[in-house]
Amino acid sequence: MIDLHSHTNESDGTCSPEELIQEAVRAGVDTLGITDHDTFKGFDQAVPFAAAAGVQLVCGIEISTKLHGHSAHLLGYFLADNGIGDFRTWVLDQQAARRDRNLRLVARLRELGFDITLAEAEARGKGMTGRPHFAQIMVEKGYVANLRRAFDDYLDESARGYVYRREPLFAEGVAHIRNAGGIASLAHPVRVKGDVAALMPELLDAGLNAMEAYHSDHTASDTALYLGLARKYGLLVTGGSDFHGTVKPGVNLGTGCQGNLSIPEDLLEKLRARDP
Ligand code: AMP
Ligand code: FE
Ligand code: FE
Ligand code: ZN
């Protein structure tokens, strides 16, 4: 079984790189893509554990971008030398922008009466501290009933506690991935605000060359829609569960939510050959 979208505790997942590999073995996933947000640290650390366990690792990354003012996630795969060089420098810039946002987010949350420090959040987030970590703290301290409320009431783009973060434009993200020799895939297209079918010409213009048609958030008809768009525009297809460990308890490696995910094995060869 293959799964090309997963997170470790170097970003907002709960499994260490070693635990994620154990989880892959347990789930019967023999080819695993690690796609932490804005960091390669989880992948780097997983390499020896994967080799020992006989799991084939695919180096990946998930980048948050802005598309027409809304958040759109991009996956980068098969970067030359696993993204060593300029691409990693650019990734570090994204981390710096995130840290700057986190400082302002702490100030905003304190204004709203919450006793939360940056150190507390960073203790959970390590290489990439994000809003999900702030949400976890808010639940643990009893400020909100659950993660959903933390986002809906405070952390979501439209909520009271939201603070701006400098994010690359979608086209900029795609360009960085493609210039590093990678495959740029539109992550969980079902979450993109707006009509993806109508946006396609613009996304292609930006250099997008793959579509995450298989994802644990997708219904069968979503998958059919995005496979159809990939076929129509000659895009490669990627797929994965978006496993985050215990923070997204219903999502399983390889099989998604209650078995809603079934990723064809031949997709990997097509990606390697860059041939849809
Ligand atoms: P950040 O990159 O720190 O701004 O946090 C973004 C992450 O927060 C996303 O990758 C999601 O995992 C999570 N997230 C964003 N909006 C929501 C929401 N409305 N509900 C739940 N999780 C969200
Ligand atoms: Fe995430
Ligand atoms: Fe995502
Ligand atoms: Zn993800």
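Guide: Asp242 sits in the loop between β7 and β8 (251-252). The model is predicted. The phi of Asp242 is near 70°, a positive value in a residue other than glycine. Most residues other than glycine have a negative phi. Asp242 counts as buried because its relative accessibility is 3%, and the cut-off for buried is under 20%.

Now compare Gln258. This residue lies in the loop between β9 (256-257) and α10. Gln258 counts as exposed because its relative accessibility is 83%, and exposed means over 50%.

β7 (236-240), α10 (266-273) and α9 (220-233) each give at least two residues to the lining of the second largest pocket. α10 supplies the largest share, 4 residues. The volume of this pocket is about 240 Å³. By class, the lining has 10 nonpolar, 1 polar and 3 charged residues.

The largest pocket holds about 1200 Å³ of space. Its lining counts 38 residues, and His73, Arg131, Phe151, Arg191 and Lys248 are the closest to its centre. Among the elements giving it two or more residues are β3 (56-67), β4 (70-77) and α3 (86-111). Here the lining splits into 11 nonpolar, 11 polar and 16 charged residues.

How values were computed: Residues are numbered from 1 along each chain as its sequence is written. Chains are lettered from A and ligands numbered from 1 in the order in which they are written. This is a predicted model: local features need pLDDT of at least 70, side-chain atom pairs count only at pLDDT 80 or more; totals for chains, interfaces and linings use all residues. Side-chain values use heavy atoms; hydrogens and water are left out. On a 1 Å grid over the protein atoms alone, a cavity is a set of points where a 1.4 Å probe fits but cannot get out, and a pocket is an open set with protein on both sides within 12 Å along at least five of seven lines; lining residues have an atom within 4 Å of a point. Grid points are joined across faces, edges and corners, and a volume is the space filled by probe spheres set on the points. Ala, Val, Leu, Ile, Met, Phe, Trp, Tyr, Cys and Pro count as nonpolar, Asp, Glu, Lys and Arg as charged, and the others, Gly among them, as polar. Buried means under 20% relative accessible area, exposed over 50%, partly exposed in between (1.4 Å probe, protein chains only).
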